Amino acid sequence: MRKILIGNWKMQLSVRESVALARALRAGVKKAKTTIVLCPSFPAIPAVRDALRGGAFALGAQDLFWETKGQYTGEVSGAALRELGCSFVIVGHSERRAHLGETDEMVNKKVSAALAARLTPILCVGETREERERGTRDAALRRQVHVALRGLTPAQIGKVIVAYEPVWVIGSGKAVPPKDAVRAHGKIRNAVEEVAGAAVKVRVIYGGSVDSNNGAGFLREAAVDGCLVGGASLRAAEFLKLVQVAETVA
Ligand code: PEP
């Protein structure tokens, strides 16, 4: 099974640094079975696209707006991202939910807009520390999946990648045990089935402090279709090691 590795560079790099990282990665991967997606910040997208040209990488964005055009200062449409060469877009990342007030309803509109623009949405869901401690993780995942996929056809839902990202683990340096992620992925697949029916199979990936030391534990699991990587995607040597791991398990 072809695995997916997604690098989320967040707002960590300047445009120049983004290009340097893209060049180093491009030089380190000639071809790959793994689907490798890099998500630079908006201003770096064109230069990173050019640096990756002809290589084994796909391009993604970290967010989009749900409207296609209009008086929405500072927002970016799915069509504009496609025009720049993106084929993926992260939607509903917990940092946007926490810092920018993104709700499940907004995430739903963004998933829909991404699909309408022929972008593959990488829908982030995950429980907060409080939800984890209260034992309401599964209910939180179910709610997030149900609302995010509301109004979509089964065929559209089949195109979505769901990223399970326990919020309290992101950037902590301590991933959850792979079996824990596998259980959460099962809950996510159940929730998708409730919305779309058993015939629809979505890809579910894990994110949260994945690095080259723990990556194999996740990528070896059949229930884990890949990983969304933050911090470890910012260092070329580290991310290239993860690519190698994904290539060997695929
Ligand atoms: C993320 O923010 O999506 C993420 C997975 O970050 P990190 O790998 O740094 O925990």
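This is a predicted model: local features need pLDDT of at least 70, side-chain atom pairs count only at pLDDT 80 or more; totals for chains, interfaces and linings use all residues.

Reader: Which residues are closest to the ligand, and how much of the ligand does the protein bury?

Author: The ligand is surrounded by 14 residues, the closest being Lys-10, His-93, Glu-165, Gly-171 and Ser-209. A polar side-chain atom of Lys-10 lies 2.5 Å from a ligand oxygen atom, while a polar backbone atom of Ser-209 is 2.8 Å from an oxygen atom of the ligand. Taken alone, the ligand exposes 290 Å², and the share of this buried by the protein is 96%.

Reader: Is Arg-97 buried or exposed?

Author: Arg-97 belongs to helix H4, residues 94-100. Its relative accessibility is 17%, and the cut-off is under 20% for buried. Arg-97 therefore counts as buried.

Reader: What does the side chain of Arg-97 reach, and at what distance is the side chain of Asp-104?

Author: The Arg-97 side chain reaches the backbone oxygen of Cys-124 at 2.9 Å. With the side chain of Asp-104, Arg-97 makes a polar contact of 2.6 Å.

Reader: How far apart are the end C-alpha atoms of helix H11, and what span should its residues give?

Author: Helix H11 covers residues 236-249, which is 14 residues. At 1.5 Å a residue they should span 20 Å, and this agrees with the distance between the end C-alpha atoms, 20 Å.

Reader: What covers the buried residues of H11?

Author: The buried residues of H11 include Phe-239, Leu-242 and Val-243. Among the elements covering the buried residues are strands S1, S2 and S8 and helices H1 and H10.

Key:
Residues are numbered from 1 along each chain as its sequence is written. Side-chain values use heavy atoms; hydrogens and water are left out. Helices (H or I, at least four residues) and strands (E, at least two) are DSSP runs, numbered from the N terminus. The expected span of a helix is 1.5 Å times one less than its number of residues. Buried means under 20% relative accessible area, exposed over 50%, partly exposed in between (1.4 Å probe, protein chains only). Contact means heavy atoms within 4.5 Å. A residue is near a molecule or strand if one of its heavy atoms lies within 4 Å of it. A polar contact is a pair of N or O atoms within 3.5 Å; within protein, one must be able to donate a hydrogen and the other to accept it, and residues adjacent in sequence count only if both atoms are side-chain atoms. Accessible areas come from the Shrake-Rupley method with a 1.4 Å probe; for residues, only the protein chains shown count as cover.
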